[in-house]
Amino acid sequence: MNATMSPEEKKHYPVMLNQILSIITPQHGGTFIDCTFGGGGYSQAILEFPGTKVLAMDRDRLAQEHANILIKKFPKRFSFFREKFSNLNQVAQPNLNPKAVIFDLGLSSLQLADKKRGFSFDSKNFLNMEMGINEHSTYDVINTLDKEFLANIIKVLGDERDGKIIANKIAKYRSRRPIKTSQELTSVIKDAKKNFKNYKKNPATKTFQAIRIFVNQELTELVLGLIGATKLLSEGGILIVVSFHSLEDKIVKNLFNLYSNLRKNPSRYLPTNDKKSNLFKIVSKKPLIPNIKEVKQNVRSRSAKLRYAVRNNNSFFYPNEFENKFASYFKLERGRL
Ligand SMILES: C[S@@+](CC[C@H](N)C(=O)[O-])C[C@H]1O[C@@H](n2cnc3c(N)ncnc32)[C@H](O)[C@@H]1O
């Protein structure tokens with residue numbers, strides 16, 4: 001997450017758009033699902049090809065405003081739902097037969113640039129960090145969540161080894177007065193990480209990531225969104241995910257490793273894998289990454305990883321093994337205040 005953004009960074013660049021277009025080939029028409037509409041970069045680029053239709057969704061109110069522009073421009077070929085992608089199967093008809101379902105995770109540059117949203121470290125506005133349609137408010141999480149639980153969130157969801165020290169500082173501070181802004185939270189974290197001058201990134205980066213993930217239940221959303229997309233795709237349909245940090249990438253990688261031609265046999269003494277347990281064909285084992293030119297133009301793209309797989313003709317079955325693997329994230333993100 002970027003705290004201070006240059007005008008160049010505030011510009012909206014759809015990440016890895018060219019690679020995505022070459023994978024999904026919209027020039028041949030078809031229906032596409034954009035699960036993370038944001039500023040509409042992908043949807044718009046797809047709709048520029050005449051034979052296409054796009055069903056888009058986003059949980060964010062800001063995205064709705066941008067979607068309205070495309071609704072006017074492409075009234076017959078574009079529809080938008082302000083929904084979380086865990087509800088994909090409620091939004092999309094089971095017989096839609098999309099050519100591709102696309103996820104571009106994390107925050108849009110529009111959300112990052114909007115200081116009122118409190119995603120940036122220096123925001124003086126009310127602590128927010130909510131993407132939309134949230135169960136928890138960030139203010140409540142920071143000011144009322146049990147100290148040990150807060151430490152665990154910061155440690156696990158932020159991969160922050162100083163989770164306990166930071167949670168202690170937050171608890172101490174809020175016992176005097178509530179933490180009201182992102183800027184105040186940043187300063188409490190900096191205080192906890194006193195040697196922060198040694199860091200290349202802002203010392204609050206990992207904690208902000210953790211709080212944002214928790215407040216938006218991002219990992220639960222991702223697991224359920226991927227399952228929903230797998231169910232919706234039929235033979236030849238492509239599932240594409242652009243992720244920005246290791247927790248997200250781990251989830252995507254696991255889905256593809258568990259239910260594809262890549263799956264290893266658990267033991268050489270067991271019969272070879274039943275082919276029916278595959279749902280995908282993997283084209284490239286390694287993730288694709290943006291080229292140097294794109295990273296120079298849009299620094300936000302530097303950590304992007306694109307993974308994709310093609311749905312085969314095996315009937316959908318609920319991927320319990322995948323869901324169970326991430327049950328600890330579900331439990332953590334469902335933690336009550
Ligand atoms: C990186 S941006 C997408 C940018 C988009 N590809 C573009 O070209 O403009 C990610 C978007 O996904 C949305 N989002 C994140 N998690 C979501 C979820 N669980 N359900 C629906 N939308 C979500 C965010 O609100 C944000 O607008």
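Leaving aside neighbours within four places in sequence, G29 is in contact (heavy atoms within 4.5 Å) with G51, T52 and K99. The model is predicted, with local features requiring pLDDT of at least 70 and side-chain atom pairs counting only at pLDDT 80 or more, whereas totals for chains, interfaces and linings use all residues. Residues are numbered from 1 along each chain as its sequence is written, and side-chain values use heavy atoms, with hydrogens and water left out. G29 sits in the loop between α2 (17–24) and β1 (30–34); helices (H or I, at least four residues) and strands (E, at least two) are DSSP runs numbered from the N terminus. With a relative accessible area of 7%, G29 is buried, a term that means under 20% relative accessible area, against over 50% for exposed and partly exposed in between (1.4 Å probe, protein chains only). Between the C-alpha atoms of G29 and S277, 248 residues apart along the chain, the separation is 30 Å.

Turning to the interior, nonpolar side chains tend to be buried together in soluble globular proteins. A nonpolar core is taken here as a set of buried Ala, Val, Leu, Ile, Met, Phe, Trp, Tyr and Cys residues joined through side-chain atoms within 4.5 Å. The largest such core holds 69 residues, of which F103, L157, L226, L239 and F322 touch the most other members. Helix α12 (residues 218–232) supplies the largest share of this core, seven residues. Apart from it lies another core, of 30 residues, including V54, I102, I238 and F244. Beyond residues up to four places away in sequence, L157 touches N152, Q209, A210, I213, F214, L219, L247, Y329, L332 and E333.

L157 also takes part in a helix pairing, for the contact between α8 and α11 is made by F149, L150, I153, I154, L157 and G158 of α8 and K206, T207, Q209, A210, I211, I213 and F214 of α11. Helix α8 (residues 147–158) and α11 pack at about 105 degrees, with axes 8 Å apart; axes are lines fitted to C-alpha atoms, for helices over the stretch in contact, and angles run from 0 to 180 degrees between N-to-C directions. Helix α8 is therefore roughly perpendicular to α11, on a scale where angles under 35 degrees count as roughly parallel, over 145 as roughly antiparallel, 65 to 115 as roughly perpendicular and the rest as oblique. By class, this contact of α8 with α11 has nine nonpolar, three polar and one charged residue (nonpolar: Ala, Val, Leu, Ile, Met, Phe, Trp, Tyr, Cys and Pro; charged: Asp, Glu, Lys and Arg; polar: the others, Gly among them).

Helix α11 (residues 205–216) also packs with α12, at an angle of about 55 degrees and with axes 6 Å apart, which makes α11 oblique to α12. Here R212, I213 and N216 of α11 meet E218, L219 and E221 of α12, giving two nonpolar, one polar and three charged residues.

Ten aromatic pairs are found across the whole structure; rings of Phe, Tyr and Trp (its six-membered ring) pair if their centres lie within 6.5 Å, with planes under 30 degrees apart counted as stacked, over 60 as edge-to-face and the rest as tilted. F121 and F208 form an edge-to-face pair, 4.8 Å centre to centre with 70 degrees between the planes. Because F121 lies in the loop between α6 (109–113) and α7 (138–144) and F208 in helix α11, the pair ties together parts 87 residues apart in sequence.
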